[in-house]
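Come along and follow the entries with the structure at your side.

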Amino acid sequence: MAIGKLLVLGATSPTGKLIVKRAQELGWKVTVYGRRTLPEHAEDSSIKTVQGQLDDEDILRTAIADQHVVISVFGPSSSRADADVFVPAYRLILQTMRCVGVKRIIALSTYSVVDPRDKPNLLR
Ligand SMILES: NC(=O)c1ccc[n+]([C@@H]2O[C@H](COP(=O)([O-])OP(=O)(O)OC[C@H]3O[C@@H](n4cnc5c(N)ncnc54)[C@H](OP(=O)(O)O)[C@@H]3O)[C@@H](O)[C@H]2O)c1
């Protein structure tokens, strides 16, 4: 029996793949959500795969409903990628979580998120 239900957003990423693998090892029932699905996830009958875009409200709601925890590693895959999609996406994710009563999220940020208190370093 699973210890809980975990939704991984961005499971196609290198980090996401590791999270899915480790969560399974620890006994979580894993659902993955993204704009595409990896064969290794689709072919694993213990993983539920949900395909959708970052702004697909209804599909996202279906994926989030009934989960205990969300881990999100969505993020721009390169410095040239459009990062503007992620702010509304996270608003939607958090709003949907509130609506369906899911209270826990762990979300990776990125070095492209700036804060006025940041000090210059090699990446910026
Ligand atoms: N790698 C690093 O050096 C580094 C450093 C600092 C922070 N981070 C952050 O850590 C997280 C994971 O990094 P990573 O390198 O393992 O993964 P990654 O290659 O940055 O992949 C990010 C994930 O987000 C998805 N994604 C990107 N743009 C999207 C869009 N427009 N619509 C829907 N999905 C989108 C990707 O889906 P697809 O597979 O479909 O593209 C993928 O699942 C990211 O948030 C990244 O910004 C990474």
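**Entry 1: helix H4**

I started with H4, where I found Phe86, Ile93 and Met97 buried. This is a predicted model, so I read every entry as a look at a prediction. Looking down the axis of H4, I saw its buried residues fall within an arc of 30 degrees, so they line one face of the helix. A reminder to myself: an α-helix has 3.6 residues a turn, so residues three or four places apart point the same way.

Next I turned to the face of H4 away from its buried side, and there I noted the exposed residues Val87, Pro88, Arg91, Arg98 and Cys99. What covers the buried residues of H4? I listed helix H3 (57–64), S4 and strand S5 (104–107) among the elements that do. Just past the end of H4, I noted that Gly101 has a positive phi of about 80 degrees.

**Entry 2: helix H1**

I moved on to H1, which spans residues 14–26. Its buried residues are Gly16, Ile19, Val20 and Ala23. Down the axis of H1 they fall within an arc of 100 degrees, so they too line one face of their helix. Among the elements covering them I found strand S1 (4–9) and helix H2 (39–42). After H1 comes Gly27, with a positive phi near 100 degrees.

**Entry 3: the ligand**

Which element gives the most to the shell around the ligand? I checked, and H1 does, with three residues. I counted 20 residues around the ligand, the closest being Thr12, Ser13, Thr15, Gly75 and Thr110. By class, I noted nine nonpolar, nine polar and two charged residues in that shell.

Technical notes: Residues numbered from 1 in each chain as written. Predicted model: local features only at pLDDT ≥ 70, side-chain atom pairs only at ≥ 80, totals over all residues. Helix = DSSP H or I, 4+ residues; strand = E, 2+ residues; numbered from the N terminus. Expected span 1.5 Å × (residues − 1). Buried ≥ 20, exposed ≤ 12 C-beta atoms within 10 Å, placed from the backbone. Arc of directions from axis to C-beta. Contact = placed C-beta atoms within 7 Å. Near = placed C-beta within 6 Å. Nonpolar A, V, L, I, M, F, W, Y, C, P; charged D, E, K, R; others polar.
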